[in-house]
Amino acid sequence: MYLEFFGLARKPFSKTPDPEFLFPSRQHAEALARLSHALEEREIAVLTGEIGAGKTTLSRALVDAFADRCRFSFVVHPALPPAQLLGAVAEGFGLPPARRKADAFAALAEHVARVDADGRFAVVVVDEAQLLPRAAYDELRLLTNVVADDRALVGLVLVGQPELRPRLHERGGEAFTQRIGIAYHVGALELEETGRYLAHRLAVAGRTAPLFEDAAVAAVHRLTGGVPRRGNQVAAGALLEGFAREAERISAEVVEVAAADLAAHLGTAERAR
């Protein structure tokens, strides 16, 4: 297929959030630095961004960076009653299910104490955190109350869409929001960053020679608003279109045709629902 044609070892614009492909834009580098500081200081961290801005990839990169020092529990479906939420956290740490909320909390407290005794830090990462119900904030706050001497035993990273920030105040209240140590919002890429983003992903996939013409980069940025996931979709389509044309470089016309095909496909899928 197009991989060999363009000198690629693997797909450069896959939908999977692979930390190896994380592009260190100014905002993404700053976000990772702040999240890392939050774990170092054992503070609650909040990361927000538009859909497709790279939040999940950032959280995976954080896990990779702290793999030797932390033990992580990922909650990817947080719209749960309190007892089930605690059960999801426990399951993320590899603990057996508990029938009662009190039992789940006790098991978690024992587990994070063991993790601490082993010289590591237990961290809960909640994705799509804007979906957390009001009651869940009390459970998470109580979980972060588990301490030993002068240090917290449980870290918490909330990752969500922009509406997470007002919901933290509406649903979490002062008792929760006052505990937040780090909060950062990831925005869209600038035009220059979009070009470097495309080149970075191509390089990770095995190609260092330029592939997208300057006008093509501008087209990708204009058509996607600088949102990385949208850029991936359009760029992947452009590679297929370029391969079909046997084009050595990706032009703005190829990008625009690929974007139009994608929009038509998504429109058809939406009407079919």
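Tutor: Let us start with terms. Helices (H or I, at least four residues) and strands (E, at least two) are DSSP runs, numbered from the N terminus, and two strands pair if DSSP finds at least two bridges between them. This is a predicted model, in which local features need pLDDT of at least 70 and side-chain atom pairs count only at pLDDT 80 or more, while totals for chains, interfaces and linings use all residues. Residues are numbered from 1 along each chain as its sequence is written, and side-chain values use heavy atoms, with hydrogens and water left out.

Student: In what order do the strands of the open sheet stand?

Tutor: In general, strands of a sheet pair through backbone hydrogen bonds, either parallel or antiparallel. Here five strands make up an open sheet in the order β2-β3-β6-β1-β7, with parallel pairing. β2 (70–75) and β7 (180–186) are at the edges with a single partner strand each, so one side of each has no neighbour in the sheet. From one strand to the next the twist averages 15 degrees; axes are lines fitted to C-alpha atoms, for helices over the stretch in contact, and angles run from 0 to 180 degrees between N-to-C directions.

Student: How many bridges join β1 and β7?

Tutor: Strand β1 (residues 44–49) pairs with β7 in the parallel sense over six bridges. G49 is opposite V186 in β7.

Student: Which strands does helix α4 touch?

Tutor: Contact means heavy atoms within 4.5 Å. Helix α4 (residues 82–92) packs on the sheet and touches β2 and β3 (121–126), its direction making about 135 degrees with that of β2.

Student: Is E241 buried or exposed?

Tutor: Buried means under 20% relative accessible area, exposed over 50%, and partly exposed in between (1.4 Å probe, protein chains only). E241, found in helix α10, has a relative accessible area of 18% and is therefore buried. Apart from neighbours within four places in sequence, E241 contacts V254, V257 and D261.

Student: How should I read a pocket, and what volume has the largest pocket?

Tutor: On a 1 Å grid over the protein atoms alone, a cavity is a set of points where a 1.4 Å probe fits but cannot get out, and a pocket is an open set with protein on both sides within 12 Å along at least five of seven lines; lining residues have an atom within 4 Å of a point. Grid points are joined across faces, edges and corners, and a volume is the space filled by probe spheres set on the points. The largest pocket has about 890 Å³. Its lining has 38 residues, with F13, S14, K15, R229 and N232 nearest the centre. The largest share of that lining, eight residues, is from α10.

Student: How do the lining residues of the largest pocket divide?

Tutor: Ala, Val, Leu, Ile, Met, Phe, Trp, Tyr, Cys and Pro count as nonpolar, Asp, Glu, Lys and Arg as charged, and the others, Gly among them, as polar. The lining of the largest pocket has 17 nonpolar, 11 polar and 10 charged residues.

Student: Which helix gives the most to the lining of the second largest pocket?

Tutor: That helix is α8, with five residues. The second largest pocket holds about 160 Å³ and is lined by 14 residues.

Student: What volume has the largest cavity?

Tutor: Its volume is about 40 Å³, and the structure holds one cavity of 30 Å³ or more. The lining of the largest cavity has five nonpolar, four polar and no charged residues.
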